[in-house]
Amino acid sequence: MTTVSEREVQVLRDALGPLRDREQVAARLLESSAKHSFDPDKELDWEAPIEDGKWFWPPELVSLYGTPLWHRMSEEQRMDLARHEAASLASLGIWFEIILMQLLVRHIYDKSLTSNHVRYALTEIADECRHSMMFARMIEKGGAPAYPVPRIYHNLARVLKTVSTTPGSFAATLLGEEILDWMQRLTFPDERVQTLVRGVTRIHVVEEARHVRYAREELRRQMVTAPRWEQEFTRLSCGEAARVFSVCFINPKVYENVGLDRREAVAQVRASGHRREVMQSGARRLTDFLDDIGVLRGAGRRLWKSSGLLA
């Protein structure tokens, strides 16, 4: 006898090929979670002192890297900016993860509570809880302040959490996960970076790989099954999310807090070809995927271009 999920696999396909069975995908992710999940409180040495002469973020990923202002800065000031930018990115990560947790709860609200799909969503929510606490503890350990996003975008996210459709939720999830993941994959093997930061990014990379797989599979399914109006709304909301993400990526207060002129620093970051390449490289795997499944079209694509994340 053919099950419903088997019929879905036979019928549902997109430009990337047939969609995998939702329950089988979740079962594999649950198995991986059982083998490769971490408790940051126990896994990392939070009592170890900060290491002299080591960065909190790879210098090539610091926003001002390679600019005229960067060349005028002392090595100490560059490393201090990296410390503050690491705190800014961790703050952004917490903001995104809190949004993601609420979107996941909305997604599973009407679904079978005993399904693998729901079990994995709950597992991911538990992961994100630990990640948020880990990032907050890293900020505190580094001695830089937390950097909340501007109030207008903090409140705009309230609207997103209320009106976001399911495909829009998973598109926003991937936006928040994949660019930071690309940067963290460069960070955790880098011996120039603080051991604690490398440990934090390693845990996040390992566990986020499962989250990305879950979100990609579900977004593909949603873009195939959603009505046309919802597909169009997803393209627009995803493009707007990309614009907001690029604006909020580094809080400009970091420049003031290391003794730089805020306007000059922001202007040089915007004009930096290196920074543009870093951001587009970080987004490329995601934008290629979104393009393949039909998300980057029309006005939504123009919003992505205006964000600077898409060439």
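Modeller: Glu85 sits in helix H5, which covers residues 75-108; helices here are DSSP runs of H or I with at least four residues, numbered from the N terminus. This is a predicted model, in which local features need pLDDT of at least 70 and side-chain atom pairs count only at pLDDT 80 or more, while totals for chains, interfaces and linings use all residues. Residues are numbered from 1 along each chain as its sequence is written, and side-chain values use heavy atoms, with hydrogens and water left out.

Glu85 is buried and yet has no salt bridge, for the nearest side chain of opposite charge, that of Arg275, is 4.9 Å away. Buried means under 20% relative accessible area, taken with a 1.4 Å probe over protein chains only, and a salt bridge asks for a side-chain nitrogen of Lys or Arg within 4 Å of a carboxyl oxygen of Asp or Glu. As for charge, Lys and Arg count as positive and Asp and Glu as negative, whereas His and the chain ends are not counted. What Glu85 does have is a polar contact of 2.4 Å between its side chain and that of Ser63; such a contact is a pair of N or O atoms within 3.5 Å, where within protein one must be able to donate a hydrogen and the other to accept it, and residues adjacent in sequence count only if both atoms are side-chain atoms. Apart from neighbours within four places in sequence, Glu85 is in contact (heavy atoms within 4.5 Å) with Leu61, Val62, Ser63, Ile250, Val254 and Tyr255.

One of these partners, Ile250, leads us to the largest pocket, whose volume is about 800 Å³. On a 1 Å grid over the protein atoms alone, a pocket is an open set of points with protein on both sides within 12 Å along at least five of seven lines, and lining residues have an atom within 4 Å of a point. Grid points are joined across faces, edges and corners, and the volume is the space filled by probe spheres set on them. H5 supplies at least two residues of the lining, as do helices H10 (228-248), H11 (253-257), H12 (262-271) and H13 (273-292), but the largest share, four residues, comes from H12.

Conventions: Buried means under 20% relative accessible area, exposed over 50%, partly exposed in between (1.4 Å probe, protein chains only). On a 1 Å grid over the protein atoms alone, a cavity is a set of points where a 1.4 Å probe fits but cannot get out, and a pocket is an open set with protein on both sides within 12 Å along at least five of seven lines; lining residues have an atom within 4 Å of a point.
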